Structures are given as structure tokens and as C-alpha cells.
Amino acid sequence: MPGMARPAILVEGLKKSYGEIHALNGIDFQVPAGTIFGLLGPNGAGKTTAVRILSTIIKPSGGRAEVLGHDVARQAAEVRMLIGLAGQSAAVDPNLTGRENLKLIGKLAQLPRKAVNPRADELLERFQLTEAGDRPIRTYSGGMRRRLDVAAALVGKPPVIFLDEPTTGLDIQSRTELWVVIEELVAEGSTVLLTTQYLEEADQLADRIAVVNDGVVVANDTAASLKARLGNTVIELTLEDERRARQAQQLLARLVTEHPERAGDKVRLSTGQAAQVLTQVLRSLDANRITATGITVREPSLDDVFLSLTGKHADAKQANGGSKKGSRSRRRRKRTPAIEVAVKAVDEWIGDIEQGSQSAVPEVAAFDERWHQEEDLDEEWEAFGDEGLGEDAGARLESLLAQLPYKAGTGSVEAHLTEVAEAALNCYMDESTKQLLDVSSVAGYLTLEQRFGRISDRVSAEQAASILIGATAARAVSLGSSAASLNGDGKEFAVNAVRILLEGIGERA
Amino acid sequence: MSAARVEPVGLAGPKKSGSTLRDILAVTGRNLTSIRRVPQLLVFTLIQPVIFVVLFRYVMGGAIEVPGGSYVNYLIPGIFIQTVTFGALQSAIGMAADLKSGLLERFRSLPMSRSAVLAGRTTADLFRNTFVVILIAGVGFLVGFRVETGPAEFAAALALTVLFSYVLSWVFATVGLLVGDPESAQAAAFPVMAPFVFASSAFVAVDSMPDWLQGFARHQPVSVVASAVRGLSIGQIPGAEPTSVYVLRALAWCAGILVVTVPLAVSRYRKTV
């Protein structure tokens, strides 16, 4: 239509099935040229599948997609001239230096011969990798590797760029640095499709956000309107027990217009006027002799978006197929005995860690040193998780997990490991403490290591769990935090990790 | 957001659509650099044949009777073939590693030639194998191997060895794509390779084997190529067929395997990732 700009990316009824599994169930969206579009969703929502179709890696099972007017299935060759890809779906060669990787991609992106070297230099400088440019990638830290990964997507100066979870696993500084670069790209006229699990990231970068869940788009809006739907701030109270929580819920329901949601011993409330509401809430609780054991005030997270849009949690994948749309009440996830056993195991394990943690501090610091120098520490790392902290705790956890009704090795442990690592990141975004910030980099590091094949598939599920739990504890200890942080956020994370692991392996298998 | 913004297609600047040769060279270069960066792999490729040379030349050689007299002269051509056969495993491991790491996915999103990934892998392995074969020839001369034909024939022997290695790297690159995991590739390949290498004329004369094994041992590709390389290096040995017969059969095997494997590898590559 004349007068109307053609979208840079057009997706219509896009479907992808693997046998019985429907990764994409017909999604639609358009991305105007020169904007950033965010695909927001949890693991397994279909984000990566969409990116893989758009970047011509796989073919759709139905529907169509266009990049700058070229059909991704029928005109793949043309599309490839116009796109750059970074993130989960693409890798760099760990044995090549940063510069060599960029030059290789430059040649393969069909840059003119003379442009290859200057382009590599230019990108190294822009991503602050000039000094590291002549070192093999395997010596890079997680953040450096990710910067190079994004740089690799830009080598051919593509007008459309796909960034598949570009900051998953990065610490906050590296993440912020990448955000700046991404914003610059758009300022130069590129169109960016970004997938992320972080509302904060989508909010920061994207002009428009499509929220994806179970292979369908559940919302497509600007970040501002999405947040407006949610209320600006979430207040979460932890009470002594469920009975008190119910009392508190009833109490709060009379106080504020927004309906408070309850899950277990927690009550959650979203509001546009956090300060006033919080004061009121606390006064009222006090007057009724109800004591809150914990209070969190935070910006809405991905989990809140999901809760509000779908009535279920972000990580409760396909738990209940039945459509209960409109029900805003928080449906409590059924706690299986398996999860309870795991939670108990983690509980006890962390008790052991607390005792053993003081002696572990110097070891953790030394390990950390070497970790940055990037030696082959996988085995040691495992041993560390098992033995370095609290004697036979690792063995006990493993034996407890071994009793659980799931079969290890029935799926790709790799995928589960990734999920676990990402759960850690989700947890960081939710609980947002500085300790967990570094836990998240450990988890991200594991994800990367696993992606580059240095952690083999054969790492058992149990090992994966203990590595991650060990990582949490180790990082918390190394940062000099008290046992309390292990009890709080660290434990939360560990429990989360185990729960996701179990859901991933056990209940689905 | 401005609807007035012009589509930034021009941003890409001048880009030519791909030249396959340039892509193959780029991927070959990358693979050779990888080989250089992980020299352990090359060293392991070399250690095994050296152990075999020592084992067969000095430990068991005295007890092995071969037609034509000199066992070291019989052995070394066999070692060439054994080296490139086991070495071909590197092609499977390399391919599987690239698949697993996600590098192949990036390649698939690039406007490069579809065949360059496989061609680049096998070409790099061709260079590696040439290097290895020359080194093993050096080891052979050190332990007393002597060419009994002429320089031209011996050069042809080395060339045939390298050709066979190239054929094998196509076979094992396909295996790598099929298996998709470096460790599994390694574990799966050895039991398949071992009968070809050991039930062959590489180390002992086929006539010394039990009757039921001789048919396989005489005609399978490793034997045929080993016999051809031996004929080119030390001439026709008693009981053997003329060298030219072996060479023709060896070339036929190489051509046959390539004709089957290359399309298989390419179609597999298109379906993978």
C-alpha cells in the first residue's frame, strides 16, 4: 500500500511442530524498520524457534515470515544477505581469536575482501575487545564472549539483527554495556528483534513487546502499556503461615482497590502508589497483630506479566491445558511429593553449607582467580560443589534426588542444565540482590560452558543440580555475605533450580 | 517510531553474492587454525602410529613372516594407511563439535555456500593428513624402511595415501553429522574402524588369516589401498597381484566411496542443524 512503510519483519500465523510438540502455535507480529522489537517469554515459549525460522536456520511448518519483503522459507538466500544473528542460536569458534572469528564471519558474510580486516578491527574496538582480540575465545570471560557474539552478528552490517537472549548469563555491568550497543544499532537505522526473559530488558530496549507463552503471542504492546496493565510496583509480603496470609489478604482487600493475590504464605499486591499503599498496609497489619516475616517491593517481573496475562506462572509450562482465561486468581502450583523432598533436601544441605562455609572462603577466592584465567575446571568445579562445601552434603543430596520418581538421562541433560542456569537468572531478576547477581554469572557461565561443549551431556541431572547449588553457595560465601543470604536468596535459588530440574526431567519424562 | 523512516537496505553496503571457492577457503583456514590451536590432537594422531611402528617393527615383527622378506618394508606402507584411517576420526569429531556448539547454526544464517562447511572441513583435513603422512614416512625411514621402487612411484604411494585419507574424511564428516556429539563419535567409530584396519593386509599377509576371513580381508578398501601403496613403495611382493591391479582397485574404491558419501553428507548437512 503506498504511503505505508513495509515492516522490516512480518510474521503471520507462523507455526512450527516437532511431531506432537507444537513449539509455535501460530504467532503474528510486525516490526517496523528502525525499531527494536522484544519477544518476551520464559524458556520453551517458542522465542528461539521464531528466531531460528526468521534467520533461515529452520523452516516453518505453517504460516509465513518475511524479512524486508523476502520470504524466509522461499528466499532464504536473499534473507541471509540482510540479517545478523547472535545469542543462543549461534556460536563462535572457541579456538579462534576474537579477530579471527570476526574475519571468518566477514568473509562468509561476503564482505568485500578489503573490508574484512578493517571491519573486524572496528568491531573489536567498539565492543572493547581490542586488547583481547588476539586471544582465543576460550580464554574470554562470559561477558567478553557474549560481546564478541553480538559483534559477530554485526560484521556484515546487516539491516536486520536478531539477538536471541543476548544478555542471559551476564552480570549487570556487561548487560548494561550491551544495552548501550543495541540502542546505538537502532540509532544507526538497524531493526532489531530481541528475545529475552527479562521484562526489565525488554522495557529498557524495546519499542514494542510481544509476550509469548506456549507458542502463542499473549500480548503485543508497548512496554509502558504492559506495565500500566500491571500496576507499577509489586509489594510482596511473607507471613508466618498460610492462615495468617489469608487473614492478611482479606485485610488488604479492604484497604486497596487492587485485588491482593495469595500463594502459600505470600501475599502479593500491585499498585501505582507504592509508598502510600505500603504505609497503609503495614499500619493495618500492625493494628491487627499480624507480623510480616518478609517484605519485598519491586518493579513487575516477567512472572508478574505472565500471572496477569495468563493466570499462571512463567515456568509452569503447559501445566494445565484447560483454558481458564480471565481468572486472575493465582492458581497455586500443585506441589508434588518429589518437589517437597527436593526442597527438604536443599534445606538440609544448605544447613551443612552454613557450617562448612567459613572454612571455604579462601578456597573459593582461589578458585575464582583461576576461573577467570579459564582453565579446564569443570571436574574440579563439580568436586567443589560436592566436597568443598560441607562434607557429605553433596552425596546426601544426590542420594535423596536419586529416590525421586524421575529417570535421569531420558532427555538431553544439556537442555535441562540450561533451564536450571536460566532459572537462576530469573531468580536474580525477581529477588534482585547483589549476591545473586554473581550467582547468575556463575549460572550463565555454566550455560556457556555447556554450549561450547566443555560440560558433556553426561553430566548427570544430580550433578547439574549440585553444581548449581554449589555455585550459589560458593559465590555467596566468596562475596563475604552471611549465612543469612544463603538462607534467603541462595536457598530460594537452589530450590528453584531443583524444582525446574525436576519438572524438566521428571514430570515430563 | 517514524513511519517515514526509509528502509535501511543500503546500510549493508556493497556485497557480492558468494563465491563458493572463497567460502571454502575461509572455512578451511578456520579449521587449520583450530588444528594449530589444539596441537594435542595432532600429537595424539601421531603417537598412535609411532607406537604401532615400534610394536610391530621391534616387538612382534620378528615373529611375523611376510612374503618378500623385509618386514619393515612390508609394515610401513600399512602404517601409512592405518594412520590415515584412525586419523579420519578427527573429521567426525570436528564436525560433531561444530554441530554441537552451534557454530553450524551461525553458518546457516550467513549468505555463504551451503557446501563450504563440508568442503572446508575435508580440505583442512587433507592438509593435516598430508603433514601427518610425511612425518610418518620420516619415522619409517628412521626405523629402516627403504623404498625399493623409485621416487616417482613412492610419491604416487604417498599421493594415494593422502587421497584415501580425503575419502575417509568425507565418510567421517558424515558420521560426525549423524552422531552430533564429539564423544559419541569417538566411541562409535573405533569399533567400526578396527576390523577394517586389523583384518587387512596392513600389518600381516592376508594368506596367514583363516579362510573365512580372507575374502573380506583381501577385498575391503583398507587392504586394497594398503596393498597398492605397498606395491608402489617396494614393488610386487611374492604372492601378490601386480601393483597396477591394486592401484586401479584402490582408485575404484576411492571413487565409489566418494560417489556415495558426498551426496549423503551434503543432504545430511541440509537436514541437520
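In chain A, strand S3 (residues 36-40) and strand S9 (residues 208-213) run parallel and are joined by four bridges, where strands are DSSP runs of E with at least two residues and helices are runs of H or I with at least four, numbered from the N terminus. Two strands count as paired if DSSP finds at least two bridges between them, and one of the bridges here has A:Leu39 with A:Ala210 in S9(A) as its partner.

This is a predicted model, in which local features need pLDDT of at least 70 and side-chain atom pairs count only at pLDDT 80 or more, whereas totals for chains, interfaces and linings use all residues. Residues are numbered from 1 along each chain as its sequence is written, while chains are lettered from A and ligands numbered from 1 in the order in which they are written.

## The sheet

The open sheet of chain A has six strands in the order S6-S7-S8-S3-S9-S10, with mixed pairing. Its edge strands, S6 (83-87) and S10 (216-221), each pair on one side only.

## The nonpolar cores

The largest nonpolar core has 147 residues, of which A:Leu54, A:Leu193, B:Ala92 and B:Val225 touch the most other members; such a core is a set of buried Ala, Val, Leu, Ile, Met, Phe, Trp, Tyr and Cys residues joined through C-beta atoms within 7 Å, and buried means that 20 or more other C-beta atoms, placed from the backbone, lie within 10 Å of a residue's own. Helix H7 (residues 151-179) of chain B gives the largest share of this core, 14 residues. Apart from this core lies another of 12 residues, among them A:Val234 and A:Leu285.
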